[in-house]
Structures are given as structure tokens and as C-alpha cells.
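I opened the model to look up a strand, a loop residue and a helix pair. My notes follow.

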Amino acid sequence: MKAIVVREFGPAEVMKLEDVPDPSPGPGQVLVRVKAVGVNPVEVYIRSGTYGRKPSLPYTPGTDVAGIVEGVGADVTRVKQGDRVYAHGIADGHGGYAETTICNQSQVHPLPGRISFAQGAAMGVPYGTAWRALFFRANARPGETVLIHGASGGVGVAATQIARAHGLRVIGTAGTEKGLALVREQGAHEVLNHSDSDYMSRIMALTGGLGVNVVLEMLANVNLDRDLEVLAVHGRVMVIGSRGRVEIDPRKMMGKDGTILGMTMFNATPEEQRAIHAALVAGLENGTLNPVIGREFPLAQAVQAHGAVMETGAFGKIVLTPTGS
């Protein structure tokens with residue numbers, strides 16, 4: 001089969017499309033024919049060698065796949081051959097940028113027929129991150145107001161849909177007219193253009209002077225100090241992404257009993273993962289969750305996809321589609 005292989009850390013060009021042996025599932029494992037695989041910024045950081053966690057070389061990137069079960073190992077009871085599935089996580093030694101891959105059965109979840117494979121590949125990291133950030137880390141509650149920076153990107157779209165479905169008031173930001181329109185379509189109550197230098201100054205007025213209860217921060221090195229200015233009393237800033245260091249004034253949060261939280265999906269417990277994906281599957285089934293696909297690339301264009309996922313003006317999810325699937 002064809003798969004993307006990384007034999008050294010470095011620029012996107014270290015990813016090569018190679019012929020590799022077909023995998024086979026062991027006990028408790030599922031063989032998935034990959035129809036689409038999500039491309040996430042964390043995969044860019046890992047490939048470049050700048051991320052805190054580094055896989056052993058060589059490796060195949062990718063953790064978010066959607067496809068059809070092609071085979072199962074012993075003791076697999078959750079799925080059967082022919083099932084449509086999405087997966088968040090890949091068995092050790094395997095990767096999602098491939099025509100087929102191996103998942104542990106706990107990582108595989110049913111994909112409703114109304115959801116495309118490309119949409120299924122948008123579930124794992126973006127929707128899992130949004131859910132964990134909102135409810136397990138920031139403890140968001142119905143009736144609260146959440147500010148979602150970069151609400152037109154993969155995590156931002158997921159967070160907007162999830163927050164609206166659970167009774168939160170959503171203020172979303174984007175940087176292009178196309179992105180702003182997308183955020184409105186996803187149900188944000190207020191939409192701000194973060195390309196405007198004064199957009200943060202409008203937030204207190206939008207909240208009646210109270211501030212926001214939760215901030216989902218995708219670019220902390222740019223926004224974190226300003227986030228503290230718009231927090232409500234007992235407000236929480238949930239740092240999901242950052243591309244550098246930042247200086248803040250702690251006094252901005254002290255008088256509000258404010259909190260800055262961080263997270264990575266690598267720290268999600270098995271219990272959290274089970275709860276998250278039970279909720280996400282329900283959202284796919286009942287229509288409250290609808291992943292938005294921005295661009296699709298063939299597997300052979302993984303290099304271009306890694307460039308696209310880091311561009312400004314995010315719009316939906318970027319996925320790869322293996323040509324042999």
C-alpha cells in the first residue's frame with residue numbers, strides 16, 4: 001500500500017509517499033481502509049521536530065481517519081467488517097496518512113451515513129479538543145458567554161457548534177469575509193473580525209460590561225494579555241494553541257479571580273475519551289454537529305496540505321484523501 005513516511009524531522013518535504021507493507025490487525029485491533037484523514041497543526045509541529053513529543057523514526061503521521069472496516073482482530077466486538085467509522089488515534093507503530101491503517105477498537109467510533117468520510121476525518125482532534133476544552137477543562141456551563149478566537153478554523157467551527165448546542169452564548173472571530181460568514185452560519189451570536197485592530201474593545205459592550213466567562217484561545221502568543229482584559233469575574237482562558245512566548249500583566253486577572261488553563265489531547269484519560277466520543281457520535285446522529293471541510297488534497301500532496309493548515313484565514317478542516325481508497 002501507499003503511505004506517507006517521515007524518516008527525519010524537518011520541513012514538509014521530508015514527507016515522502018512510499019510503498020509499505022500492508023498492515024494486519026492483532027487482538028483488539030481494527031484494520032481501516034482510509035477514505036480520508038485529517039491534517040492538524042500538531043502534525044506539522046511533530047514533523048518539524050519542534051514538538052515536545054517525538055515519535056520514533058521512521059513514522060507515518062496522522063491520527064484522525066475515516067473509512068471502512070476492512071478486517072478485525074480477535075476479541076473485537078464494537079465493529080465489524082464493512083462498518084463506516086471514524087477514529088481518533090492510531091495503534092502504536094501505524095499512522096493515518098496511508099491507504100489502510102490499524103486502530104485499537106477503543107479508538108474507533110461509528111460514522112453515521114449522513115456524514116461524509118471527509119467530515120468524519122474532521123472529528124478527532126478538532127471536535128475532541130473543543131469538547132475537552134469547553135467541558136472538562138474550562139467547565140463551561142449553559143448560559144455563559146464564550147469567546148472563540150479563530151472560530152472559522154477546524155477547532156473553532158467545532159467549538160461554535162458544540163457551544164451553541166449546549167446553551168452557551170458564542171462570540172466568534174475570523175479574519176476574512178468568507179470566514180466571518182462561516183462563523184455566522186455555524187450559529188455564533190456575535191461575529192468579530194480579528195483583522196481589525198480594535199475588535200477586542202467591542203467585547204465588553206457586547207456583554208453588557210460583564211465580560212466573557214470562557215475564552216478559547218488558539219493563538220495565545222498574540223492574544224493572551226488582551227484576553228485577560230475582557231474576562232468576567234471567575235472567567236477562564238483556555239489556551240489551545242500558541243506559536244511563541246507572550247508577556248502578560250497578571251493584575252488583569254487577579255481582581256477577577258481569573259484562571260488561565262492549558263491542554264493537550266495527549267493528556268485526555270481513557271474515561272474522558274469515552275465520554276467525549278459518546279457525546280460527539282450523538283451530535284453527529286442528531287444533526288447538531290456538522291464538520292465543515294475547507295480543502296481536500298490527495299495523499300501525494302501531503303506537503304502542500306501541511307503548508308495550507310498553517311496559513312492564516314482558516315476556513316474549515318483540511319483533509320487528505322488516499323487515492324487507492
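I looked up burial of strand β1 (residues 2-6) first. I find 4 of its 5 residues buried, so β1 is largely enclosed by the rest of the structure. Buried means under 20% relative accessible area, with exposed over 50% and partly exposed in between (1.4 Å probe, protein chains only). Strands (E, at least two residues) and helices (H or I, at least four) are DSSP runs, numbered from the N terminus.

The model is predicted: local features need pLDDT of at least 70, side-chain atom pairs count only at pLDDT 80 or more, and totals for chains, interfaces and linings use all residues. Residues are numbered from 1 along each chain as its sequence is written, and side-chain values use heavy atoms, with hydrogens and water left out.

Next, pairing. β1 runs antiparallel to β2 (residues 15-19), joined by 5 bridges; pairing takes at least two DSSP bridges. I traced Val 6 to its bridge partner in β2, Met 15.

Then Gln 107. I located Gln 107 in the loop between β6 (100-104) and β7 (108-110). Its relative accessible area is 14%, so Gln 107 is buried. Beyond neighbours within four places in sequence, I list Tyr 86, Ala 87, His 88, Gly 89, Ile 90 and Ala 91 as contacts of Gln 107 (heavy atoms within 4.5 Å).

Last, the helices. The axes of α3 (residues 123-137) and α4 (residues 154-165) come within 8 Å and cross at roughly 55°. Axes are lines fitted to C-alpha atoms, for helices over the stretch in contact, and angles run from 0 to 180 degrees between N-to-C directions.
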